[in-house]
Amino acid sequence: VSESGISTRANVEALESAGADAILVGTAIMKADDIGVKIDEFDDCVDDLRDEFRLDKETKIIGTVGRLVEIKGLRNLLTAAGEILNGFQDARFMIVGDGPLRGELERKSKEFGLADKVIFAGLRNDLRQVYATFDIFVLPSLKEGLSMALLEAMAAKRPIVATTVGAIPKAIGHMKEGVLIRPGNVEELKEAIISLLKDEALSATLARNAYEKICAEFSATAMCANYVRIYERLLKIKEPSMGCKGLKETA
């Protein structure tokens, strides 16, 4: 957490990579689901990655964003990808991020015959365009707090497949805002992705519901109010409230 108490993406990614559910801010516990997203930053994103990676507009792209580490469950995603691509040969998988497992994952994709169908995009500073490129966002984590990437995908109106770990079910209700699966279950992962590839109406409904939920519960404004309440408890005051404006000015 930054000195102002506002979570930066780098802070959150470190929290996620540790598989932690909460961190200490002063003497208060800041949960992993006290994370906010600036939703308007994901409005009207330009999809410019298809040209960069020479992908047709009709190509379905299943993507994920995060550190390439054990707890992200990416081996399972590659296994599922191999089976999915047998039936959806024009689809592609995109893994955005970097980490110690990248070399192994790239070797496995070649062993599975997927070298030309799984794109390792590395670290990117254009995440809004990344999410706009995805047709489906997948979070196959084995352990997680509440992924910032998940919230960003919700803000970008992407249909989501995610595991039932950590605080994820607080953000995603099964068949309401996305499709939830058990961690480590490759068969469920495969079937969930296929269901969204086959049913565009379902994908659109889930994406819309997820966007509405993040606007109501996980926006930066909503999370700012949560931070204010935490600071008020720390200071043992309730009036006058600092408010979100005051918190910003002290950052």
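A: We can start with a single residue. Met-175 lies in the loop between α7 (168–171) and β8 (179–181). Keep in mind that this is a predicted model.

Q: What is the phi of Met-175?
A: The general idea comes first. Most residues other than glycine have a negative phi. Met-175 has a phi near 60°, a positive value in a residue that is not glycine.

Q: Is Met-175 buried, partly exposed or exposed?
A: Relative accessibility decides, and buried means under 20%, exposed over 50%, and partly exposed in between. Met-175 has 41% relative accessibility, so Met-175 counts as partly exposed.

Q: Where is Arg-54, and what is its phi?
A: Arg-54 sits in the loop between α2 (49–52) and β3. The phi of Arg-54 is near 55°, again a positive value in a residue other than glycine. With a relative accessible area of 79%, Arg-54 is exposed.

Q: Next, salt bridges. How many does the structure hold?
A: A salt bridge joins a side-chain nitrogen of Lys or Arg to a carboxyl oxygen of Asp or Glu, within 4 Å. The structure holds 14 salt bridges. One of them is between the side chains of Lys-72 and Glu-144, at 3.0 Å from N to O. This pair links distant parts of the chain, with its two residues 72 residues apart. Lys-72 is in the loop between β3 (61–65) and α3 (74–87), while Glu-144 is in the loop between β6 (136–139) and α6 (148–155).

Q: Are Lys-72 and Glu-144 buried or exposed?
A: Lys-72 has 5% relative accessibility and counts as buried. Glu-144 is buried as well, with a relative accessible area of 1%.

Q: Which salt bridge does Arg-102 form?
A: The side chain of Arg-102 meets that of Asp-98 in a salt bridge of 4.0 Å, N to O. Arg-102 counts as partly exposed at 21% relative accessibility, and Asp-98 counts as partly exposed at 31%.

Q: What is the N to O distance between Glu-188 and Arg-182?
A: The distance in that salt bridge is 2.5 Å. Glu-188 is partly exposed at 24% relative accessibility, and Arg-182 is partly exposed with a relative accessible area of 49%.

Q: Which residues are linked in a network of salt bridges?
A: Glu-83, Glu-187, Lys-190 and Glu-191 are linked in this way.

Q: How do I read the surroundings of one residue, such as Ser-109?
A: Locate the residue, check its accessibility, then list its contacts. Ser-109 belongs to helix α4 (residues 102–111). Its relative accessible area is 4%, so Ser-109 is buried. Apart from neighbours within four places in sequence, Ser-109 contacts Leu-78, Leu-114, Ala-115, Val-118 and Phe-120.

Q: How many aromatic pairs are there?
A: A search of the whole structure gives 3 aromatic pairs. In one of them, the ring centres of Tyr-131 and Phe-134 are 6.1 Å apart and the planes are at 80°, so the pair is edge-to-face. The cut-off behind that reading is an angle over 60 degrees. Tyr-131 also pairs with Phe-137, at 6.1 Å centre to centre. The planes of Tyr-131 and Phe-137 are at 55°, and this pair is tilted.

Q: Are Tyr-131, Phe-134 and Phe-137 buried or exposed?
A: Tyr-131 is buried at 0% relative accessible area. Phe-134 is buried with a value of 0%, and Phe-137 is buried with a value of 0%. Ring pairs link Phe-42, Tyr-131, Phe-134 and Phe-137 into a cluster.

Q: Which charged end sits over the ring of Tyr-211?
A: That of Lys-157, at 4.4 Å from the ring centre.

Key. Residues are numbered from 1 along each chain as its sequence is written. This is a predicted model: local features need pLDDT of at least 70, side-chain atom pairs count only at pLDDT 80 or more; totals for chains, interfaces and linings use all residues. Side-chain values use heavy atoms; hydrogens and water are left out. Helices (H or I, at least four residues) and strands (E, at least two) are DSSP runs, numbered from the N terminus. Buried means under 20% relative accessible area, exposed over 50%, partly exposed in between (1.4 Å probe, protein chains only). Contact means heavy atoms within 4.5 Å. Rings of Phe, Tyr and Trp (its six-membered ring) pair if their centres lie within 6.5 Å; planes under 30 degrees apart count as stacked, over 60 as edge-to-face and the rest as tilted. A charge sits over a ring if NZ of Lys or CZ of Arg is within 6 Å of the ring centre and within 35 degrees of the ring normal.
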